[in-house]
Amino acid sequence: MRSLTVLQMKRLACAALVGILTIGCEGSTPSSPSAAPSNTSTPNASIAAPTSTLTSSGPRTSFGNDAYHVGSDLAPGRYYTQAATTSCYWERVSGFGGTVGEIIANDFIDFTAPQIVVDVAASDQGFTTGIECGTWSQEPKAAPAAGTVPGGWWMVNAQIQPGTYSTTASSGCYWERLRNFGGTISGIVDNDFESGAGQLIVQIGSTDIGFHSEPECGTWRPVSGSSAPAPKAAQSRFDIEANLALHRAATGR
């Protein structure tokens, strides 16, 4: 097991603050409820952040574990990977000072997702990824079987079809309808966290860019015709933030 880096210890301290404030940690005074916080999480204490030096042979469109300058080392764009194991951690950053405030967005993925998708913006200074994430490229992974939506990150229309879906979920199911794969709060169209088990319904829109579902949700399947119950109403930004906070509190992310 690798030892904790200074970056990790700072982020673990940030996690403690998040637990108290139930909002994102930006490394400064928390914003007001009306401000949109960054969608950042804290990596598990057992996972060390990449420690190798910055590469200089880019820009590349396929890469593995390292920290990369966007533009010179890494081309901006949409990247896909299939998690090599659990505990995949990635982050988009505005600098390489090692502070929490420099994190634009990040995620710690504690299941072997068949596909993870991240949009790296041209305005990002860097992108960092752990070895557990496997190899990223601009080639999408295989789409799920027709009529099924398992846990992972999927492109609507290209990999899964819009429509009404149902699943019998276990406790802790979290899902998101997405307008992009940037990993920020502003990229979420709608979401929900269910603390109890039972049947769930979601309406994936034709204008949605993506859909993300955690493994506790099980496999979503289309419901057609008059048998389809009405999905829940669209939520406010406050509700979206609250659902994300509940999910991260439940998973330690």
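**Notebook: aromatic pairs and an open sheet**

I began with burial, where buried means under 20% relative accessible area with a 1.4 Å probe and protein chains only: F211 and W220 are both buried. The model is predicted, so I noted that local features need pLDDT of at least 70, side-chain atom pairs count only at pLDDT 80 or more, and totals for chains, interfaces and linings use all residues. Residues are numbered from 1 along each chain as its sequence is written, and side-chain values use heavy atoms, with hydrogens and water left out.

I next looked up aromatic pairs (rings of Phe, Tyr and Trp, the last by its six-membered ring, with centres within 6.5 Å; planes under 30 degrees apart are stacked, over 60 edge-to-face, the rest tilted). I found nine aromatic pairs by this rule. F127 and W136 make an edge-to-face pair, with 5.7 Å between centres and 90 degrees between planes. F211 and W220 are also edge-to-face, at 5.9 Å and 85 degrees.

I then turned to the strands (DSSP runs of E, at least two residues, numbered from the N terminus), which pair if DSSP finds at least two bridges between them. I recorded an open sheet of four strands in the order 2-7-4-5, with antiparallel pairing. Strand 2 (66-69) and strand 5 (103-109) are its edge strands, each pairing on one side only. Strand 4 (residues 88-93) runs antiparallel to strand 7 (residues 126-129), and four bridges join them. I noted that V93 has G126 of strand 7 as its bridge partner.

Conventions. Buried < 20%, exposed > 50% of the residue type's maximum accessible area, 1.4 Å probe, protein only.
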